[in-house]
Amino acid sequence: MAGVSLQDDTVSPPTAADVRRWRRYLADERAEAAVYRNLAARRSGEERAILAALAEAEGRHAEHWIDLLGDEVGRPQRGSLRTRVLAALAKRFGSVFVLALMQRAEDRSPYADDADATARMAADERIHGEVVRGLANRGRMRLSGTFRAAVFGANDGLVSNLALIIGISASGADRHVVLLSGVAGLLAGALSMGAGEYVSVRSQRELLEASAPHPEARDAVSDLDVDANELALVYRARGMSEDEATAHAAEVLSGIGERRPATGSTPVGDDHEAVGTGLSAAVSSFCFFASGAVIPVLPFLLGMQGLPAIAVAGGLVGVALLGTGAVVGVLSGASPGRRAFRQLAIGFGAAAVTYGLGLLFGTGPA
(Lines give C-alpha, C1' and ligand atoms only; values in the text may rest on other atoms or scores of the structure.)
Protein backbone atom coordinates (compact mmCIF):
# COMPACT_ATOMS: atom_id res chain seq x y z
CA MET A 1 0.00 0.00 0.00
CA ALA A 2 1.21 3.49 -0.85
CA GLY A 3 2.69 5.41 2.03
CA VAL A 4 4.08 2.30 3.81
CA SER A 5 7.86 1.84 4.27
CA LEU A 6 8.90 -1.80 4.14
CA GLN A 7 12.24 -1.08 5.82
CA ASP A 8 11.05 0.18 9.20
CA ASP A 9 7.36 -0.74 9.07
CA THR A 10 6.41 2.90 9.68
CA VAL A 11 3.74 4.73 7.76
CA SER A 12 5.07 7.59 5.67
CA PRO A 13 2.88 10.49 4.58
CA PRO A 14 0.99 9.90 1.32
CA THR A 15 2.27 11.62 -1.77
CA ALA A 16 0.38 14.42 -3.42
CA ALA A 17 -0.61 12.00 -6.22
CA ASP A 18 -1.98 9.55 -3.64
CA VAL A 19 -4.06 12.26 -2.00
CA ARG A 20 -5.50 13.38 -5.35
CA ARG A 21 -6.36 9.82 -6.33
CA TRP A 22 -7.93 8.99 -2.97
CA ARG A 23 -9.98 12.18 -3.02
CA ARG A 24 -11.20 11.33 -6.51
CA TYR A 25 -12.18 7.84 -5.36
CA LEU A 26 -13.96 9.29 -2.34
CA ALA A 27 -15.92 11.74 -4.49
CA ASP A 28 -16.91 9.00 -6.92
CA GLU A 29 -18.03 6.67 -4.14
CA ARG A 30 -20.19 9.40 -2.65
CA ALA A 31 -21.66 10.20 -6.06
CA GLU A 32 -22.38 6.53 -6.80
CA ALA A 33 -24.05 6.17 -3.41
CA ALA A 34 -26.24 9.15 -4.36
CA VAL A 35 -27.18 7.42 -7.63
CA TYR A 36 -28.33 4.31 -5.80
CA ARG A 37 -30.20 6.32 -3.16
CA ASN A 38 -32.00 8.29 -5.85
CA LEU A 39 -32.89 5.11 -7.72
CA ALA A 40 -34.09 3.47 -4.49
CA ALA A 41 -36.35 6.44 -3.78
CA ARG A 42 -38.22 5.74 -7.02
CA ARG A 43 -38.54 1.99 -6.45
CA SER A 44 -40.48 -0.15 -4.02
CA GLY A 45 -40.25 -3.60 -2.49
CA GLU A 46 -37.28 -5.80 -3.26
CA GLU A 47 -35.67 -3.46 -5.79
CA ARG A 48 -35.73 -0.60 -3.28
CA ALA A 49 -34.02 -2.75 -0.66
CA ILE A 50 -31.35 -3.93 -3.11
CA LEU A 51 -30.53 -0.40 -4.24
CA ALA A 52 -30.41 0.85 -0.66
CA ALA A 53 -27.94 -1.94 0.16
CA LEU A 54 -25.76 -0.90 -2.78
CA ALA A 55 -25.77 2.70 -1.53
CA GLU A 56 -24.72 1.47 1.90
CA ALA A 57 -21.86 -0.55 0.38
CA GLU A 58 -20.62 2.50 -1.53
CA GLY A 59 -20.71 4.36 1.78
CA ARG A 60 -18.39 1.75 3.32
CA HIS A 61 -15.98 2.22 0.45
CA ALA A 62 -16.07 5.96 0.99
CA GLU A 63 -15.13 5.42 4.65
CA HIS A 64 -12.05 3.49 3.54
CA TRP A 65 -10.75 6.48 1.59
CA ILE A 66 -11.65 8.85 4.43
CA ASP A 67 -9.57 6.73 6.80
CA LEU A 68 -6.61 6.74 4.41
CA LEU A 69 -6.80 10.47 3.84
CA GLY A 70 -7.05 11.35 7.54
CA ASP A 71 -6.36 15.06 7.91
CA GLU A 72 -5.88 15.31 4.13
CA VAL A 73 -9.54 14.57 3.38
CA GLY A 74 -10.13 18.25 2.62
CA ARG A 75 -13.38 19.75 1.45
CA PRO A 76 -15.88 17.40 -0.24
CA GLN A 77 -15.23 17.22 -3.96
CA ARG A 78 -17.67 16.52 -6.71
CA GLY A 79 -17.54 13.14 -8.42
CA SER A 80 -16.83 12.71 -12.09
CA LEU A 81 -19.15 14.53 -14.49
CA ARG A 82 -20.49 11.19 -15.70
CA THR A 83 -21.44 10.02 -12.20
CA ARG A 84 -23.00 13.36 -11.30
CA VAL A 85 -25.12 13.28 -14.46
CA LEU A 86 -26.21 9.74 -13.56
CA ALA A 87 -27.20 10.89 -10.07
CA ALA A 88 -29.30 13.70 -11.55
CA LEU A 89 -30.97 11.35 -14.04
CA ALA A 90 -31.66 8.80 -11.31
CA LYS A 91 -33.30 11.47 -9.16
CA ARG A 92 -35.56 12.69 -11.94
CA PHE A 93 -36.26 9.57 -13.96
CA GLY A 94 -34.95 6.44 -12.26
CA SER A 95 -34.95 4.63 -15.59
CA VAL A 96 -33.34 1.47 -16.87
CA PHE A 97 -30.91 3.68 -18.80
CA VAL A 98 -29.31 4.80 -15.53
CA LEU A 99 -28.98 1.22 -14.33
CA ALA A 100 -27.39 0.19 -17.61
CA LEU A 101 -24.86 3.01 -17.35
CA MET A 102 -24.15 2.17 -13.71
CA GLN A 103 -23.53 -1.42 -14.78
CA ARG A 104 -20.76 -0.23 -17.07
CA ALA A 105 -19.36 2.04 -14.35
CA GLU A 106 -19.15 -0.83 -11.85
CA ASP A 107 -17.54 -3.10 -14.45
CA ARG A 108 -14.81 -0.49 -15.05
CA SER A 109 -13.84 -0.08 -11.38
CA PRO A 110 -10.07 0.55 -11.00
CA TYR A 111 -9.86 -1.08 -7.56
CA ALA A 112 -8.58 -4.44 -8.82
CA ASP A 113 -5.39 -2.71 -10.04
CA ASP A 114 -4.97 -0.25 -7.16
CA ALA A 115 -2.87 -1.40 -4.20
CA ASP A 116 -4.59 1.09 -1.91
CA ALA A 117 -7.99 -0.53 -2.43
CA THR A 118 -8.65 -3.74 -0.55
CA ALA A 119 -9.39 -7.03 -2.25
CA ARG A 120 -12.82 -6.96 -0.63
CA MET A 121 -13.58 -3.59 -2.21
CA ALA A 122 -12.54 -4.84 -5.64
CA ALA A 123 -14.74 -7.92 -5.16
CA ASP A 124 -17.62 -5.71 -4.02
CA GLU A 125 -17.42 -3.64 -7.18
CA ARG A 126 -17.42 -6.74 -9.36
CA ILE A 127 -20.46 -8.12 -7.56
CA HIS A 128 -22.16 -4.72 -7.67
CA GLY A 129 -21.86 -4.90 -11.44
CA GLU A 130 -23.72 -8.21 -11.45
CA VAL A 131 -26.39 -6.91 -9.07
CA VAL A 132 -26.98 -3.85 -11.24
CA ARG A 133 -26.96 -6.07 -14.33
CA GLY A 134 -29.78 -8.10 -12.79
CA LEU A 135 -31.80 -5.00 -11.93
CA ALA A 136 -31.21 -3.56 -15.40
CA ASN A 137 -32.34 -6.84 -16.96
CA ARG A 138 -35.63 -6.55 -15.08
CA GLY A 139 -36.16 -3.18 -16.68
CA ARG A 140 -35.11 -4.48 -20.08
CA MET A 141 -37.62 -7.31 -19.78
CA ARG A 142 -40.39 -4.85 -18.95
CA LEU A 143 -39.79 -2.70 -22.01
CA SER A 144 -38.15 -5.08 -24.45
CA GLY A 145 -41.19 -5.72 -26.66
CA THR A 146 -42.19 -2.10 -27.19
CA PHE A 147 -38.59 -0.86 -27.15
CA ARG A 148 -37.54 -3.36 -29.82
CA ALA A 149 -40.37 -2.17 -32.07
CA ALA A 150 -39.48 1.47 -31.39
CA VAL A 151 -35.76 1.19 -32.10
CA PHE A 152 -36.07 -0.97 -35.17
CA GLY A 153 -38.96 1.13 -36.44
CA ALA A 154 -37.01 4.37 -36.12
CA ASN A 155 -33.88 2.88 -37.63
CA ASP A 156 -35.77 1.37 -40.57
CA GLY A 157 -37.56 4.65 -41.20
CA LEU A 158 -34.31 6.59 -41.21
CA VAL A 159 -32.40 4.25 -43.48
CA SER A 160 -35.11 3.16 -45.90
CA ASN A 161 -36.50 6.63 -46.56
CA LEU A 162 -33.07 8.22 -46.83
CA ALA A 163 -32.09 5.55 -49.34
CA LEU A 164 -35.33 6.06 -51.27
CA ILE A 165 -35.07 9.84 -51.36
CA ILE A 166 -31.43 10.18 -52.33
CA GLY A 167 -31.77 7.41 -54.90
CA ILE A 168 -34.64 9.23 -56.62
CA SER A 169 -32.97 12.61 -56.18
CA ALA A 170 -29.74 11.33 -57.68
CA SER A 171 -31.67 10.16 -60.73
CA GLY A 172 -32.50 13.78 -61.50
CA ALA A 173 -36.15 13.71 -60.50
CA ASP A 174 -37.95 16.96 -59.69
CA ARG A 175 -38.16 18.05 -56.04
CA HIS A 176 -41.90 17.46 -55.95
CA VAL A 177 -41.43 13.91 -57.17
CA VAL A 178 -38.79 13.30 -54.53
CA LEU A 179 -41.02 14.80 -51.84
CA LEU A 180 -44.02 12.74 -52.93
CA SER A 181 -41.89 9.60 -52.98
CA GLY A 182 -40.63 10.36 -49.47
CA VAL A 183 -44.12 10.87 -48.06
CA ALA A 184 -45.38 7.73 -49.82
CA GLY A 185 -42.43 5.76 -48.47
CA LEU A 186 -43.11 7.08 -44.97
CA LEU A 187 -46.78 6.05 -44.99
CA ALA A 188 -46.27 2.72 -46.71
CA GLY A 189 -43.35 1.77 -44.49
CA ALA A 190 -45.03 2.86 -41.25
CA LEU A 191 -48.22 0.94 -42.04
CA SER A 192 -46.25 -2.11 -43.09
CA MET A 193 -44.08 -2.01 -39.97
CA GLY A 194 -47.07 -1.58 -37.68
CA ALA A 195 -49.03 -4.40 -39.25
CA GLY A 196 -46.02 -6.72 -39.34
CA GLU A 197 -45.13 -6.02 -35.73
CA TYR A 198 -48.69 -6.67 -34.59
CA VAL A 199 -48.81 -10.03 -36.37
CA SER A 200 -45.35 -10.97 -35.09
CA VAL A 201 -46.05 -10.18 -31.43
CA ARG A 202 -49.52 -11.71 -31.48
CA SER A 203 -48.12 -14.89 -33.01
CA GLN A 204 -45.39 -15.07 -30.39
CA ARG A 205 -47.85 -14.60 -27.55
CA GLU A 206 -50.11 -17.30 -28.99
CA LEU A 207 -47.17 -19.68 -29.09
CA LEU A 208 -46.46 -18.92 -25.42
CA GLU A 209 -50.10 -19.49 -24.54
CA ALA A 210 -50.03 -22.82 -26.36
CA SER A 211 -47.09 -23.85 -24.15
CA ALA A 212 -48.91 -23.01 -20.92
CA PRO A 213 -50.39 -25.86 -18.83
CA HIS A 214 -54.01 -26.69 -19.54
CA PRO A 215 -56.22 -25.18 -16.80
CA GLU A 216 -58.03 -28.51 -16.27
CA ALA A 217 -54.82 -30.50 -15.75
CA ARG A 218 -54.74 -29.68 -12.04
CA ASP A 219 -58.16 -31.26 -11.47
CA ALA A 220 -56.96 -34.56 -12.91
CA VAL A 221 -54.24 -35.04 -10.31
CA SER A 222 -56.50 -36.46 -7.62
CA ASP A 223 -57.63 -39.29 -9.93
CA LEU A 224 -54.16 -40.38 -11.04
CA ASP A 225 -52.87 -43.87 -10.31
CA VAL A 226 -50.26 -43.23 -7.64
CA ASP A 227 -48.40 -46.42 -8.51
CA ALA A 228 -48.26 -45.67 -12.24
CA ASN A 229 -47.43 -42.05 -11.50
CA GLU A 230 -48.03 -40.72 -15.01
CA LEU A 231 -47.59 -37.18 -13.66
CA ALA A 232 -43.86 -37.82 -13.88
CA LEU A 233 -44.21 -37.97 -17.66
CA VAL A 234 -45.37 -34.35 -17.63
CA TYR A 235 -42.19 -33.24 -15.93
CA ARG A 236 -40.01 -35.38 -18.17
CA ALA A 237 -41.71 -33.84 -21.21
CA ARG A 238 -40.85 -30.42 -19.81
CA GLY A 239 -37.14 -31.19 -19.49
CA MET A 240 -36.62 -32.90 -16.12
CA SER A 241 -34.57 -36.06 -15.81
CA GLU A 242 -36.42 -39.27 -15.01
CA ASP A 243 -35.30 -39.31 -11.36
CA GLU A 244 -36.12 -35.63 -10.84
CA ALA A 245 -39.51 -36.03 -12.50
CA THR A 246 -40.39 -39.07 -10.39
CA ALA A 247 -39.39 -37.36 -7.16
CA HIS A 248 -41.24 -34.15 -7.99
CA ALA A 249 -44.37 -36.01 -9.08
CA ALA A 250 -44.38 -38.00 -5.84
CA GLU A 251 -44.07 -34.76 -3.91
CA VAL A 252 -47.02 -33.24 -5.76
CA LEU A 253 -49.17 -36.32 -5.30
CA SER A 254 -48.43 -36.40 -1.59
CA GLY A 255 -49.71 -32.84 -1.29
CA ILE A 256 -52.93 -33.16 -3.28
CA GLY A 257 -54.86 -31.96 -0.30
CA GLU A 258 -53.04 -28.65 -0.53
CA ARG A 259 -54.25 -28.20 -4.13
CA ARG A 260 -50.75 -27.86 -5.52
CA PRO A 261 -50.34 -27.16 -9.28
CA ALA A 262 -50.46 -30.34 -11.36
CA THR A 263 -47.86 -29.30 -13.86
CA GLY A 264 -45.42 -27.50 -11.60
CA SER A 265 -44.41 -25.31 -14.47
CA THR A 266 -43.37 -21.71 -14.25
CA PRO A 267 -46.08 -19.18 -15.12
CA VAL A 268 -45.60 -17.64 -18.51
CA GLY A 269 -46.51 -14.13 -17.39
CA ASP A 270 -42.88 -12.97 -17.49
CA ASP A 271 -42.48 -14.30 -21.02
CA HIS A 272 -45.59 -12.44 -22.13
CA GLU A 273 -44.31 -9.28 -20.47
CA ALA A 274 -41.00 -9.60 -22.30
CA VAL A 275 -42.75 -10.00 -25.64
CA GLY A 276 -45.10 -7.08 -25.09
CA THR A 277 -48.60 -6.61 -26.45
CA GLY A 278 -49.38 -6.66 -30.13
CA LEU A 279 -51.16 -3.30 -30.12
CA SER A 280 -48.46 -1.43 -28.18
CA ALA A 281 -45.75 -2.91 -30.40
CA ALA A 282 -47.67 -2.01 -33.55
CA VAL A 283 -48.33 1.58 -32.45
CA SER A 284 -44.71 2.04 -31.35
CA SER A 285 -43.42 0.60 -34.61
CA PHE A 286 -45.72 2.82 -36.70
CA CYS A 287 -44.91 6.00 -34.79
CA PHE A 288 -41.18 5.48 -34.61
CA PHE A 289 -40.89 4.44 -38.25
CA ALA A 290 -42.77 7.59 -39.21
CA SER A 291 -40.65 9.75 -36.91
CA GLY A 292 -37.50 8.32 -38.48
CA ALA A 293 -38.77 8.44 -42.06
CA VAL A 294 -39.81 12.10 -41.85
CA ILE A 295 -36.27 13.28 -41.08
CA PRO A 296 -34.78 12.82 -44.58
CA VAL A 297 -37.91 14.44 -46.05
CA LEU A 298 -37.45 17.69 -44.10
CA PRO A 299 -34.97 19.42 -46.47
CA PHE A 300 -37.31 18.83 -49.42
CA LEU A 301 -40.28 20.10 -47.40
CA LEU A 302 -38.30 23.29 -46.80
CA GLY A 303 -37.78 23.82 -50.54
CA MET A 304 -34.26 22.41 -50.94
CA GLN A 305 -33.31 20.07 -53.76
CA GLY A 306 -30.36 18.36 -55.41
CA LEU A 307 -27.05 17.84 -53.66
CA PRO A 308 -27.66 20.43 -50.89
CA ALA A 309 -30.89 18.67 -49.92
CA ILE A 310 -29.16 15.28 -50.00
CA ALA A 311 -26.32 16.58 -47.83
CA VAL A 312 -28.68 18.07 -45.24
CA ALA A 313 -30.83 14.93 -45.20
CA GLY A 314 -27.74 12.78 -44.77
CA GLY A 315 -26.49 14.93 -41.90
CA LEU A 316 -29.82 14.84 -40.07
CA VAL A 317 -30.16 11.10 -40.52
CA GLY A 318 -26.56 10.60 -39.41
CA VAL A 319 -27.21 12.37 -36.11
CA ALA A 320 -30.37 10.33 -35.58
CA LEU A 321 -28.58 7.05 -36.36
CA LEU A 322 -25.87 7.92 -33.86
CA GLY A 323 -28.57 8.56 -31.28
CA THR A 324 -30.46 5.28 -31.82
CA GLY A 325 -27.21 3.33 -31.87
CA ALA A 326 -26.06 4.91 -28.61
CA VAL A 327 -29.40 4.12 -26.94
CA VAL A 328 -29.13 0.47 -27.98
CA GLY A 329 -25.57 0.39 -26.68
CA VAL A 330 -26.58 1.85 -23.31
CA LEU A 331 -29.45 -0.56 -22.79
CA SER A 332 -27.41 -3.58 -23.83
CA GLY A 333 -24.59 -2.64 -21.46
CA ALA A 334 -22.19 -2.30 -24.38
CA SER A 335 -20.18 0.69 -25.60
CA PRO A 336 -22.61 3.42 -26.74
CA GLY A 337 -19.98 4.92 -29.05
CA ARG A 338 -19.23 1.67 -30.83
CA ARG A 339 -22.92 0.86 -31.32
CA ALA A 340 -23.60 4.39 -32.54
CA PHE A 341 -20.92 4.32 -35.24
CA ARG A 342 -21.90 0.80 -36.28
CA GLN A 343 -25.46 2.04 -36.80
CA LEU A 344 -24.16 5.00 -38.76
CA ALA A 345 -21.98 2.86 -41.01
CA ILE A 346 -24.81 0.44 -41.80
CA GLY A 347 -27.29 3.21 -42.55
CA PHE A 348 -24.95 5.25 -44.74
CA GLY A 349 -23.79 2.10 -46.52
CA ALA A 350 -27.35 1.29 -47.59
CA ALA A 351 -27.95 4.91 -48.64
CA ALA A 352 -24.72 5.02 -50.64
CA VAL A 353 -25.78 1.97 -52.65
CA THR A 354 -29.10 3.52 -53.67
CA TYR A 355 -27.44 6.84 -54.45
CA GLY A 356 -25.03 5.04 -56.77
CA LEU A 357 -27.92 3.24 -58.45
CA GLY A 358 -29.73 6.54 -58.89
CA LEU A 359 -26.68 8.04 -60.61
CA LEU A 360 -26.29 4.94 -62.75
CA PHE A 361 -29.85 4.80 -64.04
CA GLY A 362 -30.78 8.45 -63.87
CA THR A 363 -29.56 11.69 -65.34
CA GLY A 364 -27.70 13.01 -62.30
CA PRO A 365 -28.74 15.21 -59.40
CA ALA A 366 -31.32 17.87 -60.12
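Rings of Phe, Tyr and Trp (its six-membered ring) pair if their centres lie within 6.5 Å; planes under 30 degrees apart count as stacked, over 60 as edge-to-face and the rest as tilted. The model is predicted, so local features need pLDDT of at least 70 and side-chain atom pairs pLDDT 80 or more, while totals for chains, interfaces and linings use all residues. Residues are numbered from 1 along each chain as its sequence is written, and side-chain values use heavy atoms, without hydrogens and water.

Select Tyr25, Trp65 and Tyr111, which form one aromatic cluster. The ring centres of Tyr25 and Tyr111 are 5.3 Å apart with planes at 85 degrees, so this pair is edge-to-face. Tyr25 lies in helix H1 (residues 16–41) and Tyr111 in the loop between helix H4 (96–107) and helix H5 (119–170), 86 residues apart; helices are DSSP runs (H or I, at least four residues), numbered from the N terminus.

Trp65 and Tyr111 make a tilted pair, 5.6 Å centre to centre with 50 degrees between the planes. Both are buried, as is Tyr25 (buried: under 20% relative accessible area; exposed: over 50%; partly exposed: in between; 1.4 Å probe, protein chains only).

Next, show Arg24, which lies over the face of Tyr25 at 5.5 Å from the ring centre (CZ of Arg or NZ of Lys within 6 Å of the centre and within 35 degrees of the ring normal).

Move to helix H10, residues 278–293. Its buried residues include Gly278, Ser284 and Phe289.

Finish at Leu301 in helix H11. At 48% relative accessibility, Leu301 counts as partly exposed.

Definitions and conventions. Helices (H or I, at least four residues) and strands (E, at least two) are DSSP runs, numbered from the N terminus. The expected span of a helix is 1.5 Å times one less than its number of residues.
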